[in-house]
Amino acid sequence: MPPTTSDPPGRPPGRSRPPLAVAAAVATVLAALVSYLPVAVALGLFQLAEQSVPIGAAARLGLAGWLLGHGVPLGTGAGVFGLPPLALAMLAAWRVIRAGVHTSRAIGARNRASLRQAFAVAVAVGTAYGLIGVLAAVAVNTGGVTVSPVRAGVNLVVFGTLAALVGSLRTTGAVQVLAEHAPVMLRDSLRTGAVAAFLLLAAGAGAAGLAVATAGGEASDMIGAYRTGVAGQAGITVISAAYAPNAAIWAAVYLLGPGFTIGTDSVVRTTEVTLGALPAVPLLAGLPHGPVGGFGAVLLTVPVLAGAAAGWLLARRTLRAASRGRRGAGWARLLAAAAVGGQIAAVVLGLAALVSGGPLGDGRLAQIGPVGWQVAAAASVLVTVGTLIGAAATRAFAGP
């Protein structure tokens, strides 16, 4: 029997494939282990530097940190700890995406262009990931930290299903089916919104990195103040790096205008900075010490410029397609795609702001991060203005 088109190179013809549940379970467990180990190592270094800690306790603490990266709040003696390290969330999402890819290949769904198989893989991986979350929560509850198994299961099912769907759609080729059936304007708007949001977040990452680098001496003093030795300081550095994406989002929100809070009755924005006592975290060394004055108006141009760049790319792409006879480059369609793209960017930035914050106990630090709806509202105006300007200017200077 000759091999089918779905057989990958090197697979013997007629070889039986594993059931979906088995393939999903194996791929998901491996994905969870890969994202858990860095957390266990970082927190283990920090704890072992402080005192002699049993390996079991260090492993449970790693599980707690791993769940926190998926947005699962932790109950502690000081209150609820719910500020997720987004670098860990990104690592976990990447590994679960790969789990969706591996599962799709294992069951022979590669390049089948089957939406049904893509969604089946995503649900299977998400369900397995949710079960792992429940087991992790039960294990954590045997120590001093409390976690809701139901909350852990729900969070990880949703997280795992969405991430695995990205991998399964690409591997099965079903994403091409969706793209072919989607209206052209919708595809253009999605690309424009994604580009605008990415550019603004990249600007935020650059601004945050520059701020921390400028305050490098203060950050080094904070790390040295822990007096935990080389291992402990390495653990602190890794933990700080896990919150680097949070800082990038907050910096983007700072550039956008609404700003963010580091505790109740505090605010950090271009026109006002009010801070109280802060935890000794190296990333916080880069916080501004006061308003930027008249220069703040210049910073508000960054979101407009990000939108303008996305609008320029939209117009260029539309004009190239028109030159090839694929579709027209009419003004109405172009401006509509630019406007909708700006709103999509606003939604993306609002969601990013929403997931980047959380409480650090029940005291003064119970409120940290930006307010999602405020970020979305500001972006819907500034970024949309930018996309419209970029698209219109490019179309106008390109001629009729």
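**View 1. Helix 2 and helix 4 lie oblique to each other in this predicted model.** Their packing angle is about 135 degrees, and the axes are 9 Å apart. Angles over 145 degrees count as roughly antiparallel and 65 to 115 as roughly perpendicular, so this pair falls under oblique. Helix 2 spans residues 55-68; helix 4 spans residues 115-140. The crossing of helix 2 and helix 4 is left-handed.

**View 2. Residues at the contact of helix 2 with helix 4.** Helix 2 contributes Arg60, Leu63, Ala64, Trp66 and Leu67. Helix 4 meets them with Tyr129, Ile132, Gly133, Ala136, Ala137, Ala139 and Val140. By class, this contact has 10 nonpolar, 1 polar and 1 charged residues.

**View 3. Leu67 in the largest nonpolar core.** That core has 75 residues. Trp66, Leu67, Tyr129 and Val147 have the most contacts inside it. Beyond its neighbours within four places in sequence, Leu67 touches Gly133, Ala136, Ala137 and Val140, among others. Its other partners include Val72, Val147, Ala152 and Leu156. A second, separate core has 6 residues, including Ala315, Leu334, Ala337 and Ala338.

**View 4. Helix 3 packs against helix 5.** From helix 3, the contact includes Ala89, Val96, Gly100 and Arg105. From helix 5, it includes Phe159, Gly160, Ala163 and Thr172. The contact residues divide into 10 nonpolar, 7 polar and 1 charged.

Methods
Residues are numbered from 1 along each chain as its sequence is written. This is a predicted model: local features need pLDDT of at least 70, side-chain atom pairs count only at pLDDT 80 or more; totals for chains, interfaces and linings use all residues. Side-chain values use heavy atoms; hydrogens and water are left out. Axes are lines fitted to C-alpha atoms, for helices over the stretch in contact, and angles run from 0 to 180 degrees between N-to-C directions. Helices (H or I, at least four residues) and strands (E, at least two) are DSSP runs, numbered from the N terminus. Angles under 35 degrees count as roughly parallel, over 145 as roughly antiparallel, 65 to 115 as roughly perpendicular and the rest as oblique. A crossing is left-handed if the near helix is turned anticlockwise from the far one by less than a right angle, and right-handed if clockwise. Contact means heavy atoms within 4.5 Å. Ala, Val, Leu, Ile, Met, Phe, Trp, Tyr, Cys and Pro count as nonpolar, Asp, Glu, Lys and Arg as charged, and the others, Gly among them, as polar. A nonpolar core is a set of buried Ala, Val, Leu, Ile, Met, Phe, Trp, Tyr and Cys residues joined through side-chain atoms within 4.5 Å. Buried means under 20% relative accessible area, exposed over 50%, partly exposed in between (1.4 Å probe, protein chains only).
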